[in-house]
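I opened a notebook page for this chain. The entries below follow the order in which I looked things up.

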Amino acid sequence: MKVSDIMGIPHMAHQKDSVYDVIVQIFMEDSGGVFILDESDYLCGLVSRKDLLKATIGSGDLSKIPIGMIMTRVPNISTVSEDEYVLSAAEKLVAREVDSLPVVEQLENGKMKVIGKLSKTIITKLFLEIKEK
């Protein structure tokens, strides 16, 4: 089974969005993290709930701090392609100890376009579906 068969809808924000706005988005959408896009809508980073918690501990007005200041940046994140096998993607999730990975389309210019999300929850649902068959 390929990642494209089970991937979910990604939650995204732009690197100039405020930390406060991303916190609101993450909790309104009940998401574990948000993929961050640059001004050309290419993947440039990601933030998790843990990253946002760290940001709130420090002092400062979260509505004035851009999310790009606290995100984990490309190339320090793992990604998967839609053609990758689910088992291979699951191994990346476990090896990196993360909750989700962006599913990306690699472009000729070296940039990545986010086209989906693969998470531990999505894979767990797949296992439950397989069990029922």
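I started with terms: I call two strands paired if DSSP finds at least two bridges between them. Helices (H or I, at least four residues) and strands (E, at least two) are DSSP runs, numbered from the N terminus. The model is predicted, so I used local features only at pLDDT of at least 70 and side-chain atom pairs only at pLDDT 80 or more, while totals for chains, interfaces and linings use all residues. Residues are numbered from 1 along each chain as its sequence is written, and side-chain values use heavy atoms, with hydrogens and water left out.

Entry: I found four strands in an open sheet, in the order 1-2-3-4, with mixed pairing. Strand 1 (12-14) and strand 4 (72-73) are the edge strands, and each pairs on one side only. Strand 3 (residues 43-48) pairs with strand 4 in the antiparallel sense over two bridges. I noted that Gly45 stands opposite Arg73 in strand 4.

Entry: helices on the sheet. I took contact as heavy atoms within 4.5 Å. Axes are lines fitted to C-alpha atoms, for helices over the stretch in contact, and angles run from 0 to 180 degrees between N-to-C directions. Helix 1 (residues 19-28) packs on the sheet and touches strand 1, strand 2 (33-37) and strand 3; its direction makes about 135° with that of strand 2. Helix 2 (residues 49-57) also packs on the sheet, touching strand 3 and strand 4, and its direction makes about 75° with that of strand 3.

Entry: the whole chain. I listed four helices and six strands, which run along the sequence as β-α-β-β-α-β-α-β-β-α. The radius of gyration is taken over C-alpha atoms, and the globule rule is 2.2 Å times the number of residues to the power 0.38. A compact globule of 133 residues would have a radius of gyration near 14 Å, and the chain has 15 Å, which agrees. Along its principal axes the C-alpha trace spans about 50 × 35 × 25 Å.

Entry: pockets. On a 1 Å grid over the protein atoms alone, a pocket is an open set of points where a 1.4 Å probe fits, with protein on both sides within 12 Å along at least five of seven lines; lining residues have an atom within 4 Å of a point. Grid points are joined across faces, edges and corners, and a volume is the space filled by probe spheres set on the points.

The largest pocket has a volume of about 460 Å³. Of its 20 lining residues, Leu46, Ser48, Glu97, Val98 and Asp99 lie nearest its centre. Strand 2, strand 3, helix 2 and strand 5 (100-106) each give two or more residues to this lining.

The second largest pocket has a volume of about 160 Å³. It is lined by 13 residues, and Gly32, Asp99, Ser100, Lys117 and Ser119 are the closest to its centre. Strand 2, strand 6 (112-119) and helix 4 (120-132) give two or more residues to the lining of this pocket; the largest share, three residues, comes from strand 2.

Entry: backbone. I found a cis peptide bond joining Val74 and Pro75, with omega about 15°. Pro75 lies in the loop between strand 4 and helix 3 (86-96). Asp41 has a positive phi of about 65° although it is not a glycine, and I placed Asp41 in the loop between strand 2 and strand 3.
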